[in-house]
Amino acid sequence: RHKFWETQPVGQFKDIGDTSLPEGPIEPPTTLSEVKQEPYNLPNLYEWISCDIDSEEMCTEVYDLLTHNYVEDDETMFRFNYSKEFLRWALRPPGYYKSWHIGVRVRSSKKLVAFITGVPARIRVRDNVVTMAEINFLCVHKKLRSKRLAPVMIKEVTRRVHLENIWQAAYTAGVVLPTPISTCQYWHRTLNPKKLIDVGFSRLGARMTMSRTIKLYRLPDSTSTPGFRKMELHDVPAVARLLRNYLNQFEVAPDLDENDVEHWLLPTENVVDSYVVESPGSHKITDFSSFYSLPSSILGNQNYSILKAAYSFYNVATKTPLLQLMNDVLIVAKQKDYDVFNALDIMQNESFLKELKFGPGDGKLHYYLYNYRLRNALKPMELGLVLL
Ligand code: MYA
Ligand code: JJ1
């Protein structure tokens, strides 16, 4: 069934329900000298490169590959269109390794035809904080699909991660592989109903007219929570405290320090947006909410070419009701001209999805760990990790 994945240290389908297997690493680490020193072999037409994502030229090549060949929905109506600024942000967190930004070129033409990345992260799994690689942006050019290039890319990124003495990884995918630690559902909050219906992202509900639909999804012009404002650099320590404390309750979550919070959550125009609630009297930061910006190309529509989507990132409410905080974030997303606000059913998101008029999408997201076994799959609400 899974000729490649059956050979890898991941939870296997045949082991589901076997409670005799221990939680934790599946294989022990080897010594660094036992890690293969040369890259895996590619078919001779191709060559490996490490991508210098700082270089405008290289970043454009990666952007173009992904824009035309990355993840699509099941009916090929939309394709993720990560921006260059987003890619630079996603790929250069504290402690990143350039050697984990891996490209494959055609030797003769130098054309970039495949890509995979890792970035380092400390992920807590129950009581253990584990240094891992977060693997993302696996992409093979449409013309080179089904040639078993993906397994070679995965083995090569694994080798380069091992060279840094790191032995575990976390990743998400829309496809089912051996074996998900959790399976989550995408939910969508319409902000611009007319456009979403025009481009086929959503349909007019039964017994609904366009004007009733527009009214249903209308939001106030301004936010309601006193002290709600954009996060600033001086908020980093307070946000880090809030977030670390909040994420403690989940079975799997990132272990974020102040440097991580500054990188991942300080607002970057058109990439990531964060808001805090500062108590008007005490100036205490009591609540926090964030989203990232991931547009999709609209494939084959006469009127529109880009869908502006915001994705819920990390939210912490200690004083303001989470429902009210998220409603304020929907209002800012609408002000910023996003067409839709997306969220997964992870963390405490279920507590606001229905009430704030999110509807379930047709997409699922499966979460995976490499070389780390969990005895049982987790409920989405036990997950405290968002991958980009
Ligand atoms: S998820 C996003 C993935 N990208 C896309 O969906 C973009 C559009 N699709 C493509 O570009 C291609 O279809 C890809 C496959 C490249 C996905 N994750 O080369 P093949 C297995 C893992 O003939 P292609 C993301 O970025 C498949 O089951 N494996 O196939 C996270 C089969 O193996 P097996 C996948 O279609 C990535 C084999 O590949 C995926 O030409 C995490 C077929 O290879 C997938 N999304 O190319 C990667 N899709 O026979 C794992 C298919 O066994 C990281 N396959 O079923 C693991 C941790 C590594 C680090 C460890 C450190 C310690
Ligand atoms: O965006 C997604 N689905 C949309 C569009 C569907 C178009 C036809 N297939 C959707 N729209 C309905 C919205 C509606 C609004 C009013 C209320 C009811 C709902 O469902 C889906 C997620 O649902 N996205 C995808 O399929 C993209 C791929 C998802 C897998 C991602 C893999 C990521 C890899 C990470 O490394």
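Ala, Val, Leu, Ile, Met, Phe, Trp, Tyr, Cys and Pro count here as nonpolar, Asp, Glu, Lys and Arg as charged, and the others, Gly among them, as polar. With that in hand, the shell around ligand 1 divides into 20 nonpolar, 8 polar and 4 charged residues.

Some ground rules. This is a predicted model, where local features need pLDDT of at least 70, side-chain atom pairs count only at pLDDT 80 or more, and totals for chains, interfaces and linings use all residues. Residues are numbered from 1 along each chain as its sequence is written, chains are lettered from A and ligands numbered from 1 in the order in which they are written, and side-chain values use heavy atoms, with hydrogens and water left out.

Stay with ligand 1. There are 32 residues around it, and H2, W5, L138, S146 and A150 come nearest. A residue is near a molecule or strand if one of its heavy atoms lies within 4 Å of it. Now the polar contacts, meaning pairs of N or O atoms within 3.5 Å; within protein, one must be able to donate a hydrogen and the other to accept it, and residues adjacent in sequence count only if both atoms are side-chain atoms. A polar backbone atom of S146 is 2.7 Å from an oxygen atom of ligand 1. For F4, a backbone N or O atom lies 2.8 Å from a ligand 1 oxygen. For V140, the backbone distance to an oxygen of ligand 1 is 2.9 Å. Taken alone, ligand 1 exposes 1200 Å², and the protein buries 88% of that. These areas come from the Shrake-Rupley method with a 1.4 Å probe; for residues, only the protein chains shown count as cover.

Which elements give two or more residues to this shell? They are β5 (128-140), α3 and β6 (168-173). Helix α3 gives the most, with 7 residues. Helices (H or I, at least four residues) and strands (E, at least two) are DSSP runs, numbered from the N terminus.

On to ligand 2. Of the 23 residues around ligand 2, D73, E75, H188, F201 and D362 come nearest. D362 places a polar side-chain atom 2.7 Å from a nitrogen of ligand 2. The side chain of D74 has an N or O atom 2.8 Å from a nitrogen of ligand 2. F201 uses a backbone N or O atom, at 2.8 Å from a ligand 2 nitrogen. Alone, ligand 2 exposes 880 Å², of which the protein buries 85%. β7 (182-190) and β16 (358-370) each give two or more residues to its shell. β16 gives the most, with 7. By class, that shell has 9 nonpolar, 9 polar and 5 charged residues.

Last, salt bridges: a side-chain nitrogen of Lys or Arg within 4 Å of a carboxyl oxygen of Asp or Glu. The count is 24. D54 and R92 form one, at 2.6 Å, N to O. D54 sits in the loop between β1 (46-50) and α1 (56-69), R92 in the loop between α2 (84-91) and β3 (101-106), 38 residues apart.

Buried or partly exposed? Buried means under 20% relative accessible area, exposed over 50%, partly exposed in between (1.4 Å probe, protein chains only). D54 is partly exposed at 42%. R92 is partly exposed too, at 31%.

Compare R160 and E156, bridged at 2.8 Å, N to O. Both lie in α3 (residues 149-162), 4 residues apart, about one turn of the helix. R160 is buried at 9%, and E156 is buried at 0%.
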